[in-house]
Every structure is written in C-alpha cells, then in structure tokens.
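The points are grouped by topic.

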Amino acid sequence: MTRALFPIHLRRKWRSIHPLPMKTGSFPRNHRSCQALRCLSALCLVPFGTLLAQSPAPSSSSQVTLDEVVVTAEADSSYTVTGATTATKLDTPLRDIPQAVNVIPRQILEDRGVTRVQEAADNVPGVQYASGYGGLSSGSFFIRGFNSGGTYRDGFKDFGFLSPVDVVGLERIEFLKGPSSVLYGQNDPGGIVNYVSKRPVPYSLNELGFTYGSYDLYRATGDFGGTLLSREIPGTPASAKNPKAPVTGPSTEPVLTYRLTGAYEDAGSHRDFNESESYYIAPSLTWNITPDTTLTFFGEYQRYDYVFDRGLLPVRQTFQLPTSRFLGEPSSYAETESWRAGYEFVHKFSDDLQFRSAFAAIHSEQDSHFAQASSLGADGRTVSRSSTRRHEESKNYTLQNELSGRFNTGAVEHHALVGVELARYEFGYNIGFGPLSSLDIFRPVYGADLGEVPFGPWDEYGADSLALYLQDQITLTEQFKVLLGIRYDHVESYYNSMEQTDEAFSPRVGLVFQPWEPVSFFAGWSTGFNPNFFSVSADGSAFDPEESEQFEAGVKLELVNDKLTSTIAVYDITKENVLTTDPANPEYSILTGEQKSRGAEFDLIGTPIPGWNIVASYAYTDAYVSEDTNIPSGTKLSAVPEHQAGLWTSYEFQTGALKGFGLGAGAYFVDDRPATMPGNGVTLPGYWRFDASLFYKQEKWSAQVNFKNISDERIYESTGYNIYPDAPFNVQASLTFRF
C-alpha cells in the first residue's frame with residue numbers, strides 16, 4: 001500500500017525536530033494551507049469540463065438559433081421524503097412498504113453540520129452509533145438492539161469495517177428496520193444501513209465548501225456535475241394533414257453527464273494526540289445510450305490516515321478520567337486506503353418492463369501499529385498494554401441482475417422483481433504482538449517505543465454466495481396492498497483451511513391497508529439468517545446459521561399535503577441459534593442461545609410550511625438475552641438504551657429584510673445502557689445533548705455556524721466493549737460557494 005505525502009507517524013518525527021505547542025492536532029498553518037490549496041486547485045479545474053457540452057449546429061435555415069441558457073440547480077432545502085429504494089430495490093412510496101424505513105436526506109446532514117456518518121443516527125429511532133475501527137470514520141450502528149454487522153453502498157454489501165465513508169459523496173442514508181435477508185442475504189436481524197451516493201446530473205452544478213471547527217478541523221469539499229455531451233432532437237414540422245398540431249423547433253438532450261465529489265480534511269481531536277488526514281474523490285459518468293438505455297460508471301478513492309485509538313476500558317475508573325485521556329502512544333498510527341468501482345446498466349423494454357445489471361468492487365486495506373490497552377491492574381490505576389501491528393485487507397465483489405415489471409391478473413395489479421446475485425467476500429490479515437510498558441491512567445507518561453513487532457501467520461476468511469430472489473408488490477384494491485418475497489442463498493464460507501456450506505430460504509410477507517389516502521396501516525413478517533462459522537463444536541460438526549424473524553405492525557401518515565410524514569411501529573424480533581459456551585467443555589460452543597428485542601418507535605419528518613423543517617423521533621427498546629448457558633436470561637444487550645429521543649428543527653425566513661437568515665436547534669436524549677454484555681456492572685450514563693445553528697443563504701453562497709453539545713455534557717458510547725467519549729462543546733463554521 002502506497003503511503004501519503006505526510007503519514008502521521010512521519011509527522012511525529014518532524015515534530016520531534018520542530019517542536020509545536022502541546023495542543024494536539026496543531027500543524028503549521030502553511031502546511032495546512034498548502035494541502036488544502038493543492039486539493040482545491042485540482043477540484044476547481046472540474047467545472048471547465050462543462051465547456052464540452054455544446055449545442056449542435058443548425059442543419060437548415062428553418063431552424064431558430066436561441067441564446068445559450070445555463071441552468072444552475074439549487075439544493076432542495078426540504079426534509080420531505082416520500083419514497084425509498086432499499087426496502088424493495090424499487091422506487092416505492094414509503095406508505096406502500098409494510099416495514100419501518102427511515103430516510104435521512106442530504107439536507108439534514110448539511111443543516112446539522114455532519115462530518116461523520118455516525119452522527120446521522122441521532123435522528124433515527126432505535127439506532128445508536130458505534131465508533132469505527134480504532135476511530136475510523138466508518139459507519140457502525142446498533143439497530144433495534146443488534147449490531148448492523150456492516151453497511152451497504154448503493155445496495156452493495158460492504159462487509160469490511162475498514163472502509164471509511166465521507167459524507168460529501170452521499171445523497172441520503174436509508175435505514176431498513178428488521179431482518180432483511182429477503183433481498184440482501186446474510187445479515188443481522190436489527191436492520192441494514194444503505195448509503196445512497198450522489199450520481200450524475202444533467203444541469204450545471206459547481207459548489208465549493210470550506211469548514212473550520214474546534215480541535216483544528218480544516219475541511220474543504222467540492223461537488224460538480226453537468227452535461228459533457230448532448231445530442232439533437234429533431235423538431236416537429238408543420239403537418240398538412242393536421243395543421244393544428246404544435247410546431248416545435250429542434251432541442252437537445254444529454255448524452256454524457258457527470259458528477260465529481262471530493263474532499264480534503266485535516267483534523268485534530270478532543271482526544272489527546274489524536275489527529276487525522278483524509279483525501280477523498282468520487283467520479284461518476286452516465287451514458288444515455290438511448291432514451292430507454294443508460295449506463296453509469298462510478299468510482300471512489302479515499303486515503304484516510306489517523307491515530308489508532310481503542311478508546312477507554314469498560315471499568316468504573318474510566319468516568320473519573322478526562323474525556324481526552326489516551327491510553328495508547330503518540331506514535332500510534334493507522335494508514336487506510338479504500339477503492340470502490342462499478343457500473344449500473346438499465347434498459348427499459350417498455351414503461352412496464354425493465355432490466356438492470358450492476359456490479360461493484362470494494363477493496364480496503366490498512367497498515368497500523370498502535371498501543372493496545374488490555375486490562376486494569378489491582379491498584380485501579382495501572383493498565384497493561386501491548387504493541388500491536390497489523391496489515392488487513394478487505395475485498396467485496398457483487399454482481400446483480402434484475403428484471404422488474406408491471407402486469408395485471410384480472411383486476412389485481414402486480415409490480416414484480418426477480419433477481420440473481422453472485423458475491424464474493426474476502427478478509428485477510430497479519431497480526432503481531434509485542435511487549436509494551438504499562439500506563440498510569442491518572443498520571444500517564446508517554447514515550448514508550450512500540451518497537452519492531454514481527455507479523456504472525458497470514459489468516460484469511462471469506463465466502464462465495466449465489467442467491468435468487470423473487471418479490472411481488474400486489475395491489476388488490478385501492479385500499480389493500482400485499483408484499484410477498486422470498487430469497488434462496490447458497491453460501492460457501494472458509495476460514496484458512498476450514499470450509500462450510502450453508503443454504504437458507506428467507507421469506508417476507510406484508511400487508512398494507514389504506515382506508516384514507518394519507519393513512520396506511522401495515523403489518524409484516526420478515527426473516528433473516530447469518531452463518532455461524534468462527535466457533536467449533538466438540539464433535540467437529542458445523543453449526544447451523546443464526547436465524548431471526550420479526551413481527552411488526554404500525555401506521556404511516558402523510559400530512560399537510562404529503563409534506564410531513566410519520567411512522568409509528570411496534571415490533572418483536574427473535575434471534576436464534578446464537579452460539580454459547582459449551583458447559584461440558586468451555587473450549588467449544590453449542591447452539592442454544594437466543595436473544596430478543598421488543599419495542600416501539602415513532603418518527604416525524606418533513607417541511608410542513610416553506611422554511612420550516614423538522615425531524616423528531618422516539619424509541620423504546622427492550623433488548624435482552626432470552627436463553628444462554630453462560631449468560632443469565634434477562635441480561636440486557638450492550639450499548640442499547642431503553643429510551644431514546646431526538647429532535648432537530650430549523651427555520652429560514654422567506655421574505656423581508658431577514659430573507660435567507662435562519663436558525664436551527666436540536667435536543668437529544670439517550671438513556672443509561674450497559675457498556676458490555678455480559679454486564680460487568682459498568683453502565684454508560686444517560687445524557688441530554690443540545691445543538692444549535694445559525695445560517696444565511698443566498699443564491700451564490702451561504703454561511704453557517706453549528707454549535708454542538710452546547711451544555712458540554714460528558715457523553716460516552718460503546719462498541720460492545722471499549723468506551724469512546726464524545727466531543728465536549730465544539731463549534732463549526734462553514735462557507736459554501738455556488739457558481
């Protein structure tokens with residue numbers, strides 16, 4: 001893996017020669033400015049690509065030459081969302097989906113000043129975020145009590161936790177609640193997260209953004225799009241047979257459209273010695289071969305270097321420490337590279353029949369060397385550590401072919417989907433451990449040498465899978481709609497020389513009743529599975545996969561002329577075949593474990609009147625162990641609060657002297673929750689957090705200031721073991737230019 005111009009561990013050597021103030025994340029200002037200017041200089045060249053879009057020359061004297069008109073699109077400032085693709089793999093109205101779906105549109109991310117995708121969880125009921133791998137900016141979530149076990153990128157599974165995600169490349173984030181194997185195969189039962197990327201646009205889009213924030217956050221972004229090539233559409237000449245028919249002149253339609261997003265970020269942290277540097281670029285190109293046939297190519301590259309931080313240990317002393325306390329060494333580092341590339345081909349045979357073929361490859365790798373804290377000594381202040389060195393690679397390849405169509409059987413309407421998916425996932429790693437001095441957590445003295453740590457043997461695991469799925473959205477009457485689906489998966493997993501084959505059928509059934517147009521009552525049953533592969537039975541036999549099912553019911557409302565939507569849902573999830581310790585032989589496992597999650601959720605999102613946006617949510621979650629040979633029944637699952645609520649609202653003045661000015665405010669509540677499972681008596685304290693924003697928007701530019709954690713609350717999150725403190729009060733200021 002190639003190295004960046006200024007890897008973090010080399011910067012630290014530079015600092016040892018040129019000392020800087022103790023405040024972490026502080027770089028010489030000329031260094032930061034040069035980095036940002038180099039990135040922005042490259043991004044600024046992109047808009048000139050729109051000069052390639054030219055109108056065709058007139059072919060006859062009868063044609064009328066018009067002045068060139070350039071249309072610049074402004075971002076939609078509405079929060080209103082009425083459809084989603086994740087739940088059915090088709091563009092389906094939310095009111096017709098018998099399952100809870102939450103969509104966070106781009107505008108919410110911008111208004112809240114989100115720079116880390118995990119922050120989106122604040123506005124989704126029943127979802128908590130977990131810090132990425134060693135602090136990596138990746139998406140890891142607990143959904144309805146269960147870890148999401150990976151995320152999706154435009155409907156393609158990204159199993160690896162090594163893939164960073166930059167919000168500048170996202171159009172929206174969709175959360176599908178409950179088991180989702182009917183369309184997505186092996187998954188955990190809480191639900192899935194799908195990042196929907198920005199795609200090429202036919203209009204002129206040129207946007208540059210700059211952000212400066214607390215803890216030395218410097219961020220520059222670019223978003224460009226438009227038409228590179230267009231073709232002529234002949235006009236409609238006068239007709240002698242029909243002289244009243246309208247006469248139109250020639251026009252053009254886009255043939256090649258593009259989108260290019262990019263970002264550079266250099267940031268410190270509220271955590272001692274933590275800093276990160278990221279380069280991100282994502283080009284995409286759409287070829288409109290015919291009015292009914294399109295081919296889109298997309299790519300993404302990100303380099304993300306940061307200080308590897310395992311957070312704090314799940315012990316009571318953690319809450320006596322400053323939230324900035326670092327248990328590693330300043331020389332700890334991680335260097336990550338991630339690539340993503342693929343295509344999507346769509347052909348419409350008619351208005352009622354469409355074929356889609358899509359492929360994506362995601363490849364991530366990381367080199368890291370860091371201090372790993374393991375346990376707290378009997379004195380309650382000395383933590384044991386080791387020097388850990390790793391090289392890890394994650395590869396995902398997915399090919400999807402789908403045929404969808406509409407047809408009738410008598411008076412019954414159908415919208416059917418049939419698909420085949422072929423996928424391969426590989427994860428390999430070298431890990432080495434070496435000795436390292438301990439650390440006093442109350443009076444730390446840093447400077448221990450991580451040393452030369454040799455790698456252990458190469459380990460690798462992965463799976464090849466083949467799946468066939470069928471789905472039918474059936475409209476029985478205007479009031480009654482049914483969703484039926486089933487998927488068959490054949491999965492061949494391996495771990496070094498061990499191999500295992502699993503097969504599973506995953507059905508889904510749902511019913512929607514719409515007595516009035518804005519009201520939809522729904523009920524559904526969905527199932528899921530996930531192979532059990534990383535444990536061994538006493539007799540050497542393979543384990544059946546984890547199985548899960550969900551019963552869900554609720555009501556969806558579309559209010560104020562569909563400008564405000566709401567979902568109220570109750571659910572019951574059971575996860576079976578959970579591996580537990582074999583009481584007769586603790587070195588092995590048995591399949592007797594069961595976990596449950598029951599709860600209720602409410603959300604409200606939209607723009608009820610021009611200028612006023614709101615997103616509100618509440619969740620009650622009771623997630624616990626129901627059967628186990630080792631863990632007592634009733635034990636709460638880790639990191640999951642019983643009560644959670646969130647509110648973000650903003651208002652922009654529409655007229656008068658204050659037109660363009662606006663303000664936003666947010667309040668978030670999270671209940672107490674266990675740090676680990678099984679519990680060790682350590683509980684993460686509940687909290688209230690308050691955010692706010694001030695902004696001013698004009699056609700060509702906008703300015704915004706975000707205030708986060710205004711009350712300076714001490715907030716802790718858990719990955720299921722390690723504890724990560726959130727940032728105290730901090731401020732971000734942003735400027736955006738459109739041209």
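A charge is said to sit over a ring if NZ of Lys or CZ of Arg is within 6 Å of the ring centre and within 35 degrees of the ring normal. With that rule, the charged end of Lys556 sits over the ring of Phe522, 5.2 Å from its centre, and the charged end of Arg389 sits over the ring of Phe455, 3.9 Å from its centre.

This is a predicted model, in which local features need pLDDT of at least 70 and side-chain atom pairs count only at pLDDT 80 or more, while totals for chains, interfaces and linings use all residues. Residues are numbered from 1 along each chain as its sequence is written, and side-chain values use heavy atoms, with hydrogens and water left out.

**The chain as a whole**

- The secondary structure of the protein chain comes to four helices and 36 strands, where helices (H or I, at least four residues) and strands (E, at least two) are DSSP runs, numbered from the N terminus.
- Of the 739 residues of the protein chain, 55% count as buried; buried means under 20% relative accessible area, exposed means over 50%, and partly exposed lies in between (1.4 Å probe, protein chains only).
- Among contacts in the protein chain with a separation of 6 or more, 69% come from residues 24 or more positions apart, a contact being heavy atoms within 4.5 Å.
- The protein chain exposes about 31,500 Å², of which carbon and sulfur atoms supply 59%; accessible areas come from the Shrake-Rupley method with a 1.4 Å probe, and for residues only the protein chains shown count as cover.

**Aromatic rings**

- A search of the whole structure finds 25 aromatic pairs, counting rings of Phe, Tyr and Trp (its six-membered ring) whose centres lie within 6.5 Å, with planes under 30 degrees apart called stacked, over 60 edge-to-face and the rest tilted.
- One of these pairs is formed by Phe210 and Phe737, which are edge-to-face, with 6.2 Å centre to centre and 70° between the planes.
- This pair links distant parts of the chain, since Phe210 is in strand β11 (residues 205-213) and Phe737 is in strand β36 (residues 730-738), 527 residues apart.
- Phe210 counts as partly exposed because its relative accessibility is 32%, and Phe737 is also partly exposed, with a relative accessible area of 36%.
- Phe427 and Tyr461 form a tilted pair, with 5.4 Å centre to centre and 35° between the planes.

**Backbone details in loops**

- A cis peptide bond, with omega about 5°, joins Met677 and Pro678, and Pro678 lies in the loop between β30 (673-674) and β31 (683-684).
- Lys89, which is not a glycine, has a positive phi near 65°; Lys89 is placed in the loop between β1 (83-84) and β2 (92-93), and it counts as buried because its relative accessibility is 15%.
- Tyr215 likewise has a positive phi, of about 60°, although it is not a glycine; Tyr215 lies in the loop between β11 and β12 (217-233), and it counts as partly exposed because its relative accessible area is 22%.
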